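Hi everyone, thanks for coming.

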Amino acid sequence: MTVRKLHLLGSPVLRQRAAPVAAVDDEVRQLVDDLFDTMRAAKGVGLAANQVGIARRVAVVDVGEDDPPPLVLVNPRIVTASDERETAEEGCLSIPDIYGDVERALTMTLEALDRDGRPYRTQLSGFKARAVQHEIDHLDGVLFLDHLSAVKRGLLLAKWKKARKGQSGYLKEVTPEPAGEL
Ligand code: NI
C-alpha cells in the first residue's frame, strides 16, 4: 500500500493538461493502485493523477457503491452528456475544507481504459457521473472552483488563503485516522 502526497491548490501540476497514456503497463497499474490507496486514506471519492503530482490521464472514482464497482479511468472521455443538469455541493482533496455548488450534466456516457488496458463504455448518473466529470476536469487542469461565479470563487479563495496563512508549500502528507477513531 502506497499513500502518496497530495498536491494542494497552488501546485502548478493541478493546472497542467495531463498527457494521454500510450500503454497501460506496470507503472500505470502501480499509479492506479496508489491513487486508490491515497484516495481511501484521505477519505475521498475520487482522485486524479495530477493530484499526486503526475500529469498523466489516469484517475479513480469510488463513491462507495458496489454496482458499478470502483472505476479506473485511463484516458477517460465523455462520449455524451445530458442536457439535463444538476447542481450539488462539491469539494476536492486538493482544496481541503472548501466547498461550492457546481452544476454538472446529470447523466453521461463514459469511455475509458480499465486497469488492464481494456476499453469500456458505461452509462453513469447522479453522484457517480458528477465524480467522473470532476476527475476528468482535473486531467484538463480544471478545478471545481472554475465552475463557480467570480464572486463565489473570490470568497472561497479568500477563505482558503486565510486557512493556509503561515503554511508554505503545496504538498500534504495523508495521515489516515487509525481505524476505530471517531
Ligand atoms: Ni478534486
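So, let's start in helix H2, where His134 and His138 are four residues apart, which means about one helical turn separates them. Helices here are DSSP runs of H or I with at least four residues, strands are E runs of at least two, and both are numbered from the N terminus. Before I go on: this is a predicted model, where local features need pLDDT of at least 70, side-chain atom pairs count only at pLDDT 80 or more, and totals for chains, interfaces and linings use all residues. Numbering runs from 1 along each chain as its sequence is written, and side-chain values use heavy atoms, leaving out hydrogens and water.

What are the protein donors of the nickel ion? They're Cys92 (SG), His134 (NE2) and His138 (NE2), at 2.1 to 2.3 Å from the ion. A donor is an N, O or S atom within 2.8 Å of the metal (3.2 Å for Na, K and Ca), and water isn't among the atoms, so sites may look incomplete. Along the sequence, the spacing reads C-x41-H-x3-H.

Are these histidines buried or exposed? His134 is buried at 8% relative accessibility, and His138 is buried too, at 1%. Buried is under 20% relative accessible area, exposed over 50%, partly exposed in between, with a 1.4 Å probe and protein chains only.

Leaving aside residues up to four places away in sequence, Gln133 touches Ile78, Arg104, Ala105 and Met108, with contact meaning heavy atoms within 4.5 Å.
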